[in-house]
Amino acid sequence: QVQLGDSGGGLVQPGGSLRLSCAASGSIFSINAMGWYRQAPGKQRELVAVIISGGRTNYADSVKGRFTISRDSAKNMVYLQMNSLKPEDTAVYYCNIDATTWRGRHEYWGQGTQVTVSS
């Protein structure tokens, strides 16, 4: 069974920074992609950033130039550095991985971490 533990959220003023972390554990054969999604109140969950096994990254237009996704493959960890935060970045952020285990290829989700940007 695969478990994801995401952390690093909190309350920050506009223009501030936060770094989210996510650790994947369990019987993982390989990780095909690691990413972050977010869901604001009353809105659908949306992709924030993703990094695939070859290292290529993709970002939502709303965060380009402000957020950076990175990973530590040896530790099965993914990070999201968020700079120049805006009130509209307020949401629950969820870690997501596309991984292969003995059960096949599946997606897994973290429990979510709250990010609140407010003065």
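Select R38 and E46. They form a salt bridge, and their closest N and O atoms are 2.7 Å apart. A salt bridge here is a side-chain nitrogen of Lys or Arg within 4 Å of a carboxyl oxygen of Asp or Glu. Side chains of opposite charge can pair when their charged atoms come close.

A note on what you are viewing: the model is predicted, local features need pLDDT of at least 70, side-chain atom pairs count only at pLDDT 80 or more, and totals for chains, interfaces and linings use all residues. Residues are numbered from 1 along each chain as its sequence is written, and side-chain values use heavy atoms, with hydrogens and water left out.

Now color by accessibility. Is R38 buried or exposed? R38 is buried, at 6% relative accessibility. E46 is partly exposed, at 36%. Buried means under 20% relative accessible area, exposed over 50%, and partly exposed in between (1.4 Å probe, protein chains only).

R38 sits in strand 4 (residues 30–39), and D89 lies in the loop between strand 8 (77–82) and strand 9 (91–101), 51 residues apart. Strands are DSSP runs (E, at least two residues), numbered from the N terminus. D89 is buried, like R38.

R38, E46, R66 and D89 are linked in a network of salt bridges.

Move on to D61 and K64. Their closest N and O atoms are 3.1 Å apart, in a salt bridge. D61 is exposed, at 64% relative accessibility.

Finally, zoom out. How many salt bridges does the whole structure hold? The search finds 5.

Key. Helix = DSSP H or I, 4+ residues; strand = E, 2+ residues; numbered from the N terminus.
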